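Colleague: Hey, could you walk me through this one? I'd like to go through it bit by bit.

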Amino acid sequence: MSKLVSISINVDLLDKSKFYKGKKGTYLNISGFLKEDADQYGNFGFITQDGVKTPESNAPILGNFKIKGTEGFSAQYSKPAPVFDIPSAKIEVLYPGNDLPF
């Protein structure tokens, strides 16, 4: 099942020497650590920058993320799929005796 994740990071903490050029732009590798339960602020984990851990300290926490439910989608994106209720009588008329062509 897919979930929408809302991420907030403090870009002032980024080690810009870890940015690298790719074919389509400039990239940065980050990692997210997912927890099973939300903390007191509704965060389900935190984000760190890859490659900045030192023997003396872990990589700094750049920010947190929340896992959104349906409340994270606006109404225009969360319309339910249409339900087609076709009575079996109509199917019988199209293919009498359930002699379907496949």
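This is a predicted model: local features need pLDDT of at least 70, side-chain atom pairs count only at pLDDT 80 or more; totals for chains, interfaces and linings use all residues.

Colleague: OK, and which strand is the one with residues 45–49?

Modeller: That's β5. Strand β5 is mostly covered, with 4 of its 5 residues buried.

Colleague: What does β5 pair with, and in which sense?

Modeller: Strand β4, residues 30–34, pairs with β5 over 5 bridges, in the antiparallel sense. Strand β6, residues 61–68, also runs antiparallel to β5, and 4 bridges join them.

Colleague: Which residues are the partners of Ile 47?

Modeller: Gly 32 stands opposite Ile 47, and in β6 the bridge partner is Gly 63.

Colleague: Switching to rings. How many aromatic pairs are there?

Modeller: The count is 2. One is Tyr 20 with Tyr 27: the ring centres are 5.8 Å apart and the planes sit at 25°, so that pair is stacked. Phe 33 and Phe 46 form an aromatic pair that is stacked too, at 5.1 Å centre to centre with 25° between the planes.

Colleague: Why does the Phe pair tie separate parts together?

Modeller: Because Phe 33 is in strand β4 and Phe 46 is in strand β5, the pair links parts that are 13 residues apart in sequence.

Colleague: And how accessible are Phe 33 and the two Tyr residues?

Modeller: Phe 33 has 39% relative accessibility, so it counts as partly exposed. Tyr 20 is partly exposed at 38%, and Tyr 27 is partly exposed with 36%.

Colleague: New topic: where does Asn 43 lie, and is it buried or exposed?

Modeller: Asn 43 lies in the loop between β4 and β5. Its relative accessible area is 9%, so it's buried.

Colleague: What does Asn 43 touch?

Modeller: Leaving out residues up to four places away in sequence, Asn 43 touches Lys 35, Asp 37, Ala 38, Asn 64, Phe 65 and Lys 66.

Colleague: Last one. Which residues make the nonpolar surface patch?

Modeller: Val 5, Ile 7, Ile 9 and Val 11 make it, and the patch is about 310 Å². One of them, Ile 7, lies in strand β1, residues 4–9. As a general point, side chains in a regular strand alternate between the two faces of the sheet.

Notes:
Residues are numbered from 1 along each chain as its sequence is written. Side-chain values use heavy atoms; hydrogens and water are left out. Patches are made of residues with over 30% relative accessible area and no salt bridge: like charges are joined within 9 Å, nonpolar side chains (Val, Leu, Ile, Met, Phe, Trp, Tyr) within 5 Å. Accessible areas come from the Shrake-Rupley method with a 1.4 Å probe; for residues, only the protein chains shown count as cover. A salt bridge is a side-chain nitrogen of Lys or Arg within 4 Å of a carboxyl oxygen of Asp or Glu. Helices (H or I, at least four residues) and strands (E, at least two) are DSSP runs, numbered from the N terminus. Buried means under 20% relative accessible area, exposed over 50%, partly exposed in between (1.4 Å probe, protein chains only). Two strands pair if DSSP finds at least two bridges between them. Contact means heavy atoms within 4.5 Å. Rings of Phe, Tyr and Trp (its six-membered ring) pair if their centres lie within 6.5 Å; planes under 30 degrees apart count as stacked, over 60 as edge-to-face and the rest as tilted.
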